[in-house]
Amino acid sequence: MRYLLGLVLAMSLTAAPSRIFPYGYDQHDLPNGMRLVTIPTDFPNIVSVYIVVSVGSRHEVEPGKSGFAHFFEHCMFRGTAKNPPQMWEAVMKAAGAATNAYTSDDLTVYHATFAKEALQLILELEADRFQNLEYSESAFRTEALAVNGEYNKNSSEPVNQLHEKLRETAFEKHTYRHTTMGFVADIKAMPNQYAYSKEFFARFYRPENVTLVVVGDVDQKVVRELTAKYWGPWKKGAVKPAIPVEPVQTAERKAHVDWPTATLPWMMIGYKTPGFTENMRDAAALDLIASLALGKTSPLYKKLVIDEQKNDVLAGGYENHADPYLFMVYARVKKDADVPAVQEAIVSTLNGFKDTLVDAKKLEAVKSNLRYSFALGLDNSEAIAANLASIIALTRTPETMNQVYDIYASLTPEDLREVAQKYFVAAGRTVVTLAQKKGAK
Amino acid sequence: MRVLALLVSVVALQAMEVVALPGQSPIINFRFVFRCGSLNDPAGKEGVAALTAAMLARGGSAQASYSEILEKMYPMAATVGDQTDQEMLTITGMTHLDNLESYYATLREMMLQPGWRPEDLKRLRDDQLTFLRVSLRQNNDEELGKEVLYNLLQGTAHSVGRVSSLEKLTVADLKAFYKQHLTQANLTIALAGKYPEGFVERVKKDFGQLPVGRASAVKRVVPKPIGQTRVTIVKKPTLAVAYSFGFPIAVTRSHPDYAALLVANTWFGPHRSSAGNLYQRMREIRGLNYGDYSYIEYFPRGMDQFEPDPNLARRQQIFQMWIRPVEPKTAHFALRLALHELDRLLDKGLTESDFEDTRSFLSRNVNLLLKTKANELGYRIDSQFYGTGEYTEAVKKAIAGLTVEDVNRAVKKHLRKDRLEIVAVAEDAEGLQKQLLGDGPSPMTYNSPKLADILEEDKVVSTRKLELKAAQVRIVPVEKFFQ
């Protein structure tokens, strides 16, 4: 088994392989709707467990509750009757585990990487908190302060503020209007939301929303047995949130942030694009366009960053989201005076994709780059789990990776032109800028 | 397969050293570590080591412009990176086996025949200047506090340089640095993956084109003596108050007390871990901020990563406590509480069970540091630097022989409660200065009930005297640093 896996891994990627994801895996649904994905690898001794919850700040539909999915991620570390936080810490410590969690628009992920002997103990411990979370109001209120501390430590970075501004400008109704951190007023009010936190847990932390991903030095049969034992009794009952549909944008939008300290000017340009699962083909085409338009070998990067040196940051692309989101471009400009020219260069570059077919050789280079980037990212068990998590949150299967790379392989210059014509339109565009406030030190 | 992966050869060829980790992975990792760094920057030319490394990894070669190099690398998704610290200059590379020949040919040109183009110098110098002027001074109060602390304790520039020196650096300065320090005598080449037979020999032969040179006489950092505790409040617009404080220690991985201090620190303030004592007391129980940690080795960029990068080896380290931003109204209390916890570490030490739990954790957790081949190569080179055996084995062996008394003795010997260098980053610097000098009570109030023992402890903490005199608490505008 190990030997075979090794052979697969060593395969060549010079031509598009039939399956980009080189590992075999076991995908198994429990009767309660939870899904298990086990991926045995040949990296010895270590196991990574990623618990992918398909719930994120997108689920924060009620006014005043922005930031709650992320806050709730913190609450999940506040223990159960059987395993108070100190006990959870002690077990993880005894396993030598590295643990943490993160939240985004469409997902919350809890992860642990540890020596393989601890697998049973950790699956049991994690199953307990997902089914029996119990914390006091006092612990809850204290945790809300830590989240405020997290906001504070992020607040000196202008990109975070610019990102907040982009979202609240580009979206009117959909919950993508706020960042995962949430509106600051809602963060300040979090200590008073204890009852709502229980509600949030009951609505969304259910097996139908969870995919357990186990990667590393494991036997898939054993993982199935342990999962059935500890996670099988979990009761289904997930509530579907009524996420508002974003009205169609009909005109370009603009906004500006005055920044109180020294900074280089920033801009973010967003174009409305479809959700990932709703149109995987367009999503894949937008990935290719992003590389061709903004990548380090693109004419725009060469012009702005390497030759004219007007910018020191130019990046962006399509981000996989459950619902329609944005194709984004980020740029940091060295001089205030160059901001309009840089904006014009970005917009006209994207417009160029609408009437000029991309060079077939360049398109092949991008496809090759994506294949090798993926392969080079799979250098340990934790990285494999981490790379899959965001896709699994949306589709609950690693097979999507193979599908996406198959689509990349099939796309032609004509396809890219068609997709550019659909989405790079002024009426779908939002431009936000940030610069040092006049007179600020 | 596993047997192969364990075949590690450390071969000294003339002056150059080689670390080879052959294996079955098609991912080929390169690591070129030169035993030189920002401590070799001549006075007035601070930043030259970092800029030289950047020119090799992010500039053109004699044969190809940087754009042309990017074009070549792009279809392979291959990368070249650089990291410069006080005593090590590192160039890293990664490619897939499919593309090894073409990648290596380019990498070799970049490193052995750099292009030294003025336009590359301008772009990369701008990056370093922006890092100091904007990223460090303005956008990240936590990293700012840490780097100011090193600056004050060691009197050294940031490894990226100073604003004033970077502005003056020329291509000739970079060439001179390259010629003098990027020599065979300073170089360790490390390789991992399923590279072909004879590949290591070829790389060795190619890099034999570098001058043989002599091992760079790296100046040692001589910590500035501290007669009494000093507080520096870095003034800048910001919402919260961030702290970093500490003092130099005699312990590095070469020191017999390293393992004991590592155990103590892993109990007290392990990086980004909720298991640490400091984190528990300050964040988990009291909700003062997002986290609180301590360090016995340099760990830059800690806000973005969970594990330290290898090849930041230094012969002079500091003990450091990192208090993430707190609300200004609790800033006085938070500092007192952090100092109180340091007192408790020194006075009470670890209990037998703290010690056993932490040792057990470390003996397993240390393996996770080597989860990538790139890290494994880096750690091998660090072990050479410190003259220790392979890191994870050395740590496991050393901690197996420890007792709780050894750990607590090492704490008392190397750590201290007084003569601290304290850095705060705050907007209302004058207000904080007044509070610290006033030394009056700083009572804590909470938004929820707390256990009686916490409230009792708060009474002690909130009146803990800092006994600072006016000359010990100064305010410095942020623009004064890294200039």
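This is a predicted model: local features need pLDDT of at least 70, side-chain atom pairs count only at pLDDT 80 or more; totals for chains, interfaces and linings use all residues.
I looked up the domain assignment of chain A, which gives domain 1 as 2-7 + 23-231 and domain 2 as 253-436. The C-alpha centres of domain 1 and domain 2 of chain A lie 28 Å apart. Counting contacts between them, I found 34 residues of domain 1 of chain A against 30 residues of domain 2 of chain A.

I then asked which elements supply at least two residues of the side of domain 1 that touches domain 2 in chain A. In chain A these are the strands S2 (35-40), S3 (46-53), S5 and S6 (210-216), together with helix H6 (158-170). H6(A) gives the most to this side, with 8 residues. By class, I noted 18 nonpolar, 11 polar and 5 charged residues on the side of domain 1 of chain A that touches domain 2 of chain A.

**Entry: chain A against chain B**

Turning to the contact between the chains, I found that 59 residues come from chain A and 59 residues from chain B. On the side of chain A that touches chain B, the elements giving two or more residues are the helices H1 (2-9), H3 (85-94), H5 (137-154), H11 (299-307) and H13 (360-376), with the strands S4 (98-103) and S5 (108-115). H5(A) gives the most here, with 11 residues. I recorded the residues of this side of chain A as 23 nonpolar, 21 polar and 15 charged.

**Entry: an element on both lists**

Note on methods. Residues are numbered from 1 along each chain as its sequence is written. Chains are lettered from A and ligands numbered from 1 in the order in which they are written. Two residues are in contact if their C-beta atoms, placed from the backbone, lie within 7 Å. Helices (H or I, at least four residues) and strands (E, at least two) are DSSP runs, numbered from the N terminus. Ala, Val, Leu, Ile, Met, Phe, Trp, Tyr, Cys and Pro count as nonpolar, Asp, Glu, Lys and Arg as charged, and the others, Gly among them, as polar. Domain bounds come from an automatic or database domain assignment.
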